[in-house]
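Please keep the sequence and the structure in view while reading.

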Amino acid sequence: MCQWPGCCRTNVSAHHLFSRRNLSTRHLILNGILLCFGHHIWGAHGEPEAFRDIIINKIGEEQYLLLKQLAYQSAKLDLELVLRELNE
């Protein structure tokens, strides 16, 4: 089901919160959300600030900032450390 607030469409696809070009977060479940076509195109890509607010409300600001930090880091990813921090 689409995870955009108030939407109940069931034909969904995955959308990366931070681009899949960021290899450190590319395969993290936390870096994904299920959206219907309309909310993927017009919501996530069309209203990026509103989309960011929805994500922060969904996962919390601390998790969002950690995910953002991981997405933009250039150092080699320590997957065990990431998993520990995400589970705390």
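This is a predicted model: local features need pLDDT of at least 70, side-chain atom pairs count only at pLDDT 80 or more; totals for chains, interfaces and linings use all residues.

## His40 and its surroundings

The relative accessibility of His40 is 16%, and because buried means under 20%, this residue counts as buried. Its side chain is joined to the side chain of His15 by a polar contact of 3.0 Å.

When neighbours within four places in sequence are left aside, the residues in contact with His40 are Ser13, Ala14, His15, Leu35 and His45.

Whereas His40 counts as buried at 16% relative accessibility, Phe37 is exposed, with a relative accessible area of 62%.

Phe37 belongs to a nonpolar patch on the surface that it forms together with Ile41 and Trp42. Taken together, these three residues have about 390 Å² of accessible area.

## The salt bridge

How many salt bridges does the structure hold? The structure holds 1 salt bridge, and in it the side chains of Arg52 and Asp53 meet, with a distance of 3.3 Å from N to O. In general, side chains of opposite charge can pair when their charged atoms come close.

Both partners count as partly exposed: Arg52 has a relative accessible area of 34%, and Asp53 has a relative accessibility of 38%.

## The protein as a whole

The protein has 4 helices and 2 strands, and along the sequence these follow the pattern β-β-α-α-α-α. Its radius of gyration is 13 Å, close to the 12 Å that the globule rule gives for 88 residues, so the protein is as compact as a globular protein of that length. Along the principal axes, the C-alpha atoms fill a box of roughly 35 × 25 × 20 Å.

Of the 88 residues, 33% count as buried, and His40 is one that counts as buried. Among the contacts with a separation of 6 or more, 58% are accounted for by residues 24 or more positions apart. The accessible surface comes to about 6300 Å², and 53% of this surface belongs to carbon and sulfur atoms.

Technical notes
Residues are numbered from 1 along each chain as its sequence is written. Side-chain values use heavy atoms; hydrogens and water are left out. Patches are made of residues with over 30% relative accessible area and no salt bridge: like charges are joined within 9 Å, nonpolar side chains (Val, Leu, Ile, Met, Phe, Trp, Tyr) within 5 Å. Accessible areas come from the Shrake-Rupley method with a 1.4 Å probe; for residues, only the protein chains shown count as cover. A salt bridge is a side-chain nitrogen of Lys or Arg within 4 Å of a carboxyl oxygen of Asp or Glu. Buried means under 20% relative accessible area, exposed over 50%, partly exposed in between (1.4 Å probe, protein chains only). The radius of gyration is taken over C-alpha atoms; the globule rule is 2.2 Å times the number of residues to the power 0.38. Contact means heavy atoms within 4.5 Å. A polar contact is a pair of N or O atoms within 3.5 Å; within protein, one must be able to donate a hydrogen and the other to accept it, and residues adjacent in sequence count only if both atoms are side-chain atoms.
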